[in-house]
Amino acid sequence: MDLHCHLDLYQNPEKIIAEIVRRKIVVFSVTTTPSAFLKTKLMSDHAASIYTGIGLHPQIVSDRFHELDQISQYIGRADFVGEIGLDGGPEYKQSWSRQVEVFTQSIAASERVGGKVLSIHSRRATKHVLQILRDQSSASTPILHWFSGTHREMQEAIEAGCWFSVGPAMLIGNKGKALLKDMPMDRVLLETDGPFTRKSDSPYLPWDAIDICPQIIAEVWNKSQSLVVGRLANNLRTILERIRSQ
Ligand code: MN
């Protein structure tokens, strides 16, 4: 599985999609702007294991705020919502109030259609992301992608019902491993965030998540790799049931 991947931003999406189909991998194809949703969905419509999300990435809200209405317009055709969220970095400070509006409106749209799975960016903004989720989200299923907050914030996220998608780039570092250690086994999923994450000179590919992560997770949790793979498969099944039941 790769539950957070930007398929449309790879140089050769068709080739990667063909390989995903061949390997029968479940992929959540996130979009960063609503105007990219339909063509991204079309690219993989023939692939049953690829799910397409509608999103508006917080880092491009200043350029794409005018596309916000399209989230409500297309949400009925989306398998999930993402990439959405907040980025509290100083370089995005100027768009903060619009980021909050986009995130809030996206959750509201999800709630209106009965609650979708949400793939959420929360860099330097966990506190605000959780506050908005607690206030606005009840039927939706939030997955914090590449969580990078504190351990205390992670506890609050767990209490707020959040899931976590972790990937090779996050688990290379000690901070990512330390966070993983405290994540509940039944809330962890895999991702790559490709092609934004890279191994030496090439982007991570969707199958790298399952090829690389279980061994690291097994070490961090002090469990066998087969137990980890089994748990991850169960977690994926739960998330897919939520997608199908909505
Ligand atoms: Mn991403």
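This is a predicted model: local features need pLDDT of at least 70, side-chain atom pairs count only at pLDDT 80 or more; totals for chains, interfaces and linings use all residues.
Let me begin with charge: the mean positions of the 28 positive and 27 negative charges of the chain are 3 Å apart, where Lys and Arg count as positive and Asp and Glu as negative, with His and the chain ends not counted, and where the place of a charge is NZ of Lys, CZ of Arg, CG of Asp or CD of Glu. Residues are numbered from 1 along each chain as its sequence is written, and side-chain values use heavy atoms, with hydrogens and water left out.

On the overall fold, the chain has eleven helices and ten strands, these being DSSP runs numbered from the N terminus, H or I of at least four residues for helices and E of at least two for strands. The radius of gyration is 17 Å, close to the 18 Å that the globule rule gives for 246 residues, so the chain is as compact as a globular protein of that length; the radius is taken over C-alpha atoms, and the rule is 2.2 Å times the number of residues to the power 0.38. Buried residues make up 54% of the 246 residues, where buried means under 20% relative accessible area, exposed over 50%, and partly exposed in between, with a 1.4 Å probe and protein chains only.

Now to the metal: which residues coordinate the manganese ion? They are His4 and His6, each through NE2, Glu83 through OE and Asp193 through OD, at 2.2 to 2.3 Å; donors are N, O and S atoms within 2.8 Å of the metal (3.2 Å for Na, K and Ca), and water is not among the atoms, so sites may look incomplete. His6 lies in the loop between β1 and α1 and Asp193 in the loop between β8 and β9, so this pair ties together parts that are 187 residues apart in sequence. Both His6 and Asp193 are buried.

The backbone has some features to check as well. Glu83, found in strand β4, is joined to Gly82 by a cis peptide bond with omega of about 10 degrees, and the peptide bond from Gly194 to Pro195 is also cis, with omega near 0 degrees. Arg124, although not a glycine, has a positive phi of about 50 degrees, and at 58% relative accessibility it counts as exposed.
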